[in-house]
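Here is a friendly walk through one fold, meant to be read with the model open beside you.

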Amino acid sequence: MERTAWGEVYRHGKDLYTRNARPGERVYGEDLLTDHEVEYRHWDPWRSKLAALLLKAAPQPWFVSPRSLLYLGGAHGTTVSHLSDALPDASLYVVEKSPVSFAPLLALSRRRANLYPLLADAQLPERYRADVGEVDLLYQDVAQRTQAQIFAENAEACLRGGGRGILMLKVRSVTQRRSGPSVVAEARRTLEQRGWKVRATEDLTPFARDHIALMITG
Ligand SMILES: C[S@@+](CC[C@H](N)C(=O)[O-])C[C@H]1O[C@@H](n2cnc3c(N)ncnc32)[C@H](O)[C@@H]1O
C-alpha cells in the first residue's frame, strides 16, 4: 500500500484505497483489504467520479487536504464515505435534496464524526450558508442543467478567499444536442462572468462517460 499526496488515500497497483475509518464496515459492497494490520476500502472509479479524477489527474493542488469541504449532491454517500476516510480531521458538509438518498447519507453520518449532512436544495445556498460557514473546497456533483450557476452561487456563499472548487460537469444534463467542448465552454463563460476561473479540465472517460471535471479557483 503506497500513500498518495492526498490525505488517507493509498494506491495498491492500479487501484485506489482509503484507510477505513470504520474497520470491518463496508458502505456500498466495496472490497476491504488489510495490510500491516490496517484496513483499507477499495475506492471504485466506476462508482465515484472523484476516484476517477484522482486516478486520471493526481497529483494536483486541488487535492491538497482541505480542513473543510462543502459537497453538493451527496446521494447515498459513496464518494462522501471515502472523503470521510481520506480527511479524518476535516469537516465535511454534505448537501442532498432527495429525502430517499438522504436517509442512507444520514445513517452514514451517524457513524462518522466528520460528516454534517444537510437535507437541502443546492440551488438555495442561503438556506445553509450559516451552518456551513467558509470552506476550503467546494465539490459539486448534482447532474443539473444549471450546474455552473449552482457552483457559482455556492462558491459565493461558502467558499473562502483562495479556496478551490471541483465541478463534475455532466454534459448530457445540460444538453442532449451539443458537444462536450461547447458545454464546457459555456460553463467556463458562466463561471468567468461571476469571477471564477477554470484552471484545468479532465474528461472522466472511460469511468464516467459524458462527465468532465472542472478545477476552479477565484
Ligand atoms: C450523480 S448523483 C451524486 C453521486 C455522489 N456524488 C457520489 O459520487 O457518491 C447526483 C445527486 O445530486 C442530487 N441533487 C440533484 N440536484 C440537487 C440539488 N439541486 N440540490 C441537492 N442535491 C441535488 C441528486 O438527488 C443525486 O443524489
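The buried residues of helix H5 are Gln147, Ala148, Ile150, Phe151, Ala152, Asn154, Ala155 and Cys158. Here a residue is buried if 20 or more other C-beta atoms lie within 10 Å of its own, exposed if 12 or fewer, and partly exposed in between, with C-beta atoms placed from the backbone. Helices (H or I, at least four residues) and strands (E, at least two) are DSSP runs, numbered from the N terminus. Please keep in mind that this is a predicted model, in which local features need pLDDT of at least 70 and side-chain atom pairs count only at pLDDT 80 or more, while totals for chains, interfaces and linings use all residues. Residues are numbered from 1 along each chain as its sequence is written.

- An α-helix has 3.6 residues a turn, so residues three or four places apart point the same way.
- The end C-alpha atoms of H5 are 16 Å apart, in agreement with the 16 Å that its 12 residues should span at 1.5 Å a residue; the expected span is 1.5 Å times one less than the number of residues.
- Leaving aside neighbours within four places in sequence, Ile150 is in contact with Leu72, Ala122, Gln123, Gln140, Val142 and Gln144; contact requires C-beta atoms, placed from the backbone, that lie within 7 Å.
- Leu72 is 78 residues from Ile150 along the chain, yet their C-alpha atoms are separated by 9.3 Å.

**The sheet**

- In what order do the 7 strands of the open sheet run? The order is E8-E7-E6-E9-E10-E12-E11, with mixed pairing.
- E8 and E11 are the edge strands, each pairing on one side only; two strands pair if DSSP finds at least two bridges between them.
- On average, and ignoring direction, neighbouring strands of this sheet are turned by 15° against each other.
- Strand E6 (residues 68-72) pairs with E9 in the parallel sense over 4 bridges, and Leu70 has Leu138 as its bridge partner in E9.
- Helix H2 (residues 78-86) packs on the sheet and touches E6, strand E7 (91-96) and E8. The direction of H2 makes about 175° with that of E7; axes are lines fitted to C-alpha atoms, for helices over the stretch in contact, and angles run from 0 to 180 degrees between N-to-C directions.

**Strand E10 and its partners**

- Strand E10 (residues 159-170) is largely enclosed by the rest of the structure, because 9 of its 12 residues are buried.
- The chain crosses from E9 through H5 to E10, making a right-handed β-α-β crossover. Right-handed here describes a path from the first strand over the helix to the second that runs clockwise when the strands point away from the viewer.
- E10 pairs with strand E9 (residues 135-140) in the parallel sense over 5 bridges, and Gln140 has Leu167 as its bridge partner in E10.
- With strand E12 (residues 211-217), E10 pairs in the antiparallel sense over 7 bridges. Leu214 is the bridge partner of Leu167 in E12.

**The nonpolar core**

- The largest nonpolar core has 63 residues, of which Leu70, Tyr71, Leu92, Val94, Val135 and Leu214 touch the most other members. Such a core is a set of buried Ala, Val, Leu, Ile, Met, Phe, Trp, Tyr and Cys residues joined through C-beta atoms within 7 Å.
- Helix H5 (residues 147-158) gives the most to this core, with 6 residues.
- Not counting residues up to four places away in sequence, Tyr71 touches Val80, Leu92, Tyr93, Val94, Val95 and Tyr139.

**Leu118 in strand E8**

- Leu118 is found in strand E8 (residues 115-119). Is Leu118 buried or exposed? Leu118 counts as buried because it has 22 C-beta neighbours inside 10 Å.
- Apart from neighbours within four places in sequence, Leu118 is in contact with Tyr93, Val94, Val95, Tyr128 and Asp131.
- Leu53 is 65 residues from Leu118 along the chain, and their C-alpha atoms are separated by 25 Å.

**Backbone points to check**

- Most residues other than glycine have a negative phi, and most peptide bonds are trans.
- The peptide bond from Thr205 to Pro206 is cis, with omega near 5°; Pro206 is found in the loop between strand E11 (197-203) and E12.
- Asp210 is in the loop between E11 and E12 and has a positive phi of about 70°, although it is not a glycine. Asp210 counts as partly exposed because it has 16 C-beta neighbours inside 10 Å.
- Ala143, in the loop between E9 and H5, has a positive phi near 50°. Ala143 counts as partly exposed, with 16 C-beta neighbours inside 10 Å.

How values were computed
Contact = placed C-beta atoms within 7 Å.
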